[in-house]
Amino acid sequence: MFIFRYLDRFKELPPALKTEKFEGLLPFAKLARFNKKELKRYRYVMHLKWDRYAQELAFAEDHPDFVNKIRQETLDAVRKIMQKKKLSPDVIKECLDYSASNG
């Protein structure tokens, strides 16, 4: 029980507890120690972040052609930079395929 009571004071978990379950508890432990004023400020900031994310998502959904155009321009710019660095075409293709599948 000691570890849960003072979880917010840990900068890093001990190796035995380095699991996704315990690492996910660290932010909640810090949040649980907020006083009323800190909690109010935290909620305000989080709402701003959530609102901003919702706006960005809505824009991307409403303007898919623009988003795809920007994505393609970015990939073209990266390709040019990689070519200037004299990377092989196979390395460039591998990197761009990776970024396109994860983006």
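**Figure 1. The aromatic pair of the predicted model.** The structure holds one aromatic pair. Phe59 and Phe66 form an edge-to-face pair, because their ring centres are 5.8 Å apart and their planes stand at 85 degrees. Rings of Phe, Tyr and Trp (its six-membered ring) pair if their centres lie within 6.5 Å; planes under 30 degrees apart count as stacked, over 60 as edge-to-face and the rest as tilted. This is a predicted model, in which local features need pLDDT of at least 70 and side-chain atom pairs count only at pLDDT 80 or more, while totals for chains, interfaces and linings use all residues. Residues are numbered from 1 along each chain as its sequence is written, and side-chain values use heavy atoms, with hydrogens and water left out.

**Figure 2. The surface around Phe59 and Phe66.** Phe59 is partly exposed at 39% relative accessibility, and Phe66, in helix α5 (residues 64–84), is partly exposed at 43%. Buried means under 20% relative accessible area, exposed over 50%, and partly exposed in between (1.4 Å probe, protein chains only). Together with Ile70, Phe59 and Phe66 make a nonpolar surface patch of about 270 Å². Patches are made of residues with over 30% relative accessible area and no salt bridge; like charges are joined within 9 Å, nonpolar side chains (Val, Leu, Ile, Met, Phe, Trp, Tyr) within 5 Å.

Figure 3. Helix α4 covers residues 36–62; its 27 residues should span 39 Å at 1.5 Å a residue, and its end C-alpha atoms are 39 Å apart, which agrees. The expected span is 1.5 Å times one less than the number of residues. Helices (H or I, at least four residues) and strands (E, at least two) are DSSP runs, numbered from the N terminus.

Figure 4. Three salt bridges are found in the whole structure. A salt bridge is a side-chain nitrogen of Lys or Arg within 4 Å of a carboxyl oxygen of Asp or Glu. Arg52 and Glu56 form one of them (3.1 Å, N to O), and both lie in helix α4, four residues apart.

Figure 5. Lys69 and Glu73 have their closest N and O atoms 4.0 Å apart. Lys69 and Glu73 are four residues apart in the helix, so about one helical turn separates them. Arg79 bridges to Asp76 at 2.9 Å between the closest N and O atoms; these two residues are three apart in helix α5.

Methods. Accessible areas come from the Shrake-Rupley method with a 1.4 Å probe; for residues, only the protein chains shown count as cover.
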